[in-house]
Amino acid sequence: MAAPSALELSSATYSGILNEPITLTDGRWEGEPYVEGGASRPTAGLIDQFILTGDLDGDGLDEAVALLWESSGGSGTRLFLAAMARGDDSVTNLSTTLIGDRVQVRSGAIDGGKVNLDVIRAGPEDAACCPTEKARVSWALSEDGLTQMDDESTGTLSLADLGGQEWVLVELGRDQYLPKDVEITLLVQDERVSGSSGCNKYFAGVMAPKAGEFAFNGMGATRMACPEPLMDFERRYLSALAGARGYRFLAGHLAVNCETEDGLTVLLFSPRDLFEGVSADTD
């Protein structure tokens, strides 16, 4: 029996996030406004690009572990871990536990029956808005639900944490997805950035004054000509990248904040191995 799918999780019921269980519709839930006629209301949702599968209870069947977010209208966003199992005719929420407020998830896996996450969280000297402490945290599923087993600080966020892999652009701004035949990449190595901007190769130096911040200088590129639709993607990407100001991790993805003429935009990248896995599943 397969673990619950992303589609099933997007319409499941979850306990442990708010006082009462919530049921998602298309991956999202909205409560009633705090004040009648007001815009502020509790909201929650599934982060469907980050779902882990594996056997958590030793019964030989895989469960699914999902990330969910919850916001009560303030500046914070709480992140939750939910263990989900498939029943005879439904998907059941076995347990839900809080990861933290404004915690960033770099990567995760189920290994030896435990859920292991590499996260960025606020350290002792950090403001809540700007976490820089790296940590590895693990949970196991017991009769009491998801129980935290380990919590180890592993250092401070740095530019080196972006290296070691190639990042593939999946969104050129919010909900602006790239066609499958356009590939734009980012590689950070030895205080240099390089990659493909769709048609040409580009390169630049990287300045990182603080953890989570960076900017590029001396940006250059080759000068091949390509069909206009591809050149348009390239121009938009390089223009946004020139205004890069910082980065964060978003459920295994890399989000680069950029200042542009039209305001703040976010470039969202996926690790190469995850990108190829998703592409293979989609084809």
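Guide: Cys130 is partly exposed, with a relative accessible area of 42%; buried means under 20% relative accessible area, exposed over 50%, and partly exposed in between, with a 1.4 Å probe and protein chains only. This is a predicted model, in which local features need pLDDT of at least 70 and side-chain atom pairs count only at pLDDT 80 or more, while totals for chains, interfaces and linings use all residues. Residues are numbered from 1 along each chain as its sequence is written, and side-chain values use heavy atoms, with hydrogens and water left out.

The partner of Cys130 is Cys129, and the sulfur atoms of this disulfide are 2.5 Å apart. A disulfide here is a pair of cysteine sulfur atoms within 2.5 Å. Cys129 itself is exposed, at 52% relative accessible area. The torsion about the S-S bond of Cys129 and Cys130 is about -80°, so this disulfide is left-handed.

The structure holds two disulfides. The other one joins Cys199 to Cys226, with an S to S distance of 1.9 Å. Cys199 sits in the loop between β14 (192–196) and β15 (201–207), and Cys226 in the loop between β16 (215–221) and α2 (228–242), so the pair ties together parts that are 27 residues apart in sequence. The helices (H or I, at least four residues) and strands (E, at least two) are DSSP runs, numbered from the N terminus. The link of Cys199 and Cys226 has 75° about the S-S bond and is right-handed. As for cover, Cys199 counts as buried at 12% relative accessibility, whereas Cys226 is partly exposed, with a relative accessible area of 23%.

When the bonded cysteines of the chain are numbered in sequence order, the pairing reads 1-2, 3-4. Cys258 is in no disulfide, and the nearest cysteine sulfur, that of Cys130, is 17 Å away. Cys258 counts as buried, its relative accessibility being 0%.

Ser71 belongs to strand β5, which covers residues 63–71. With 13% relative accessibility, Ser71 counts as buried. Apart from neighbours within four places in sequence, Ser71 is in contact (heavy atoms within 4.5 Å) with Arg41, Pro42, Thr43, Gly76 and Thr77.
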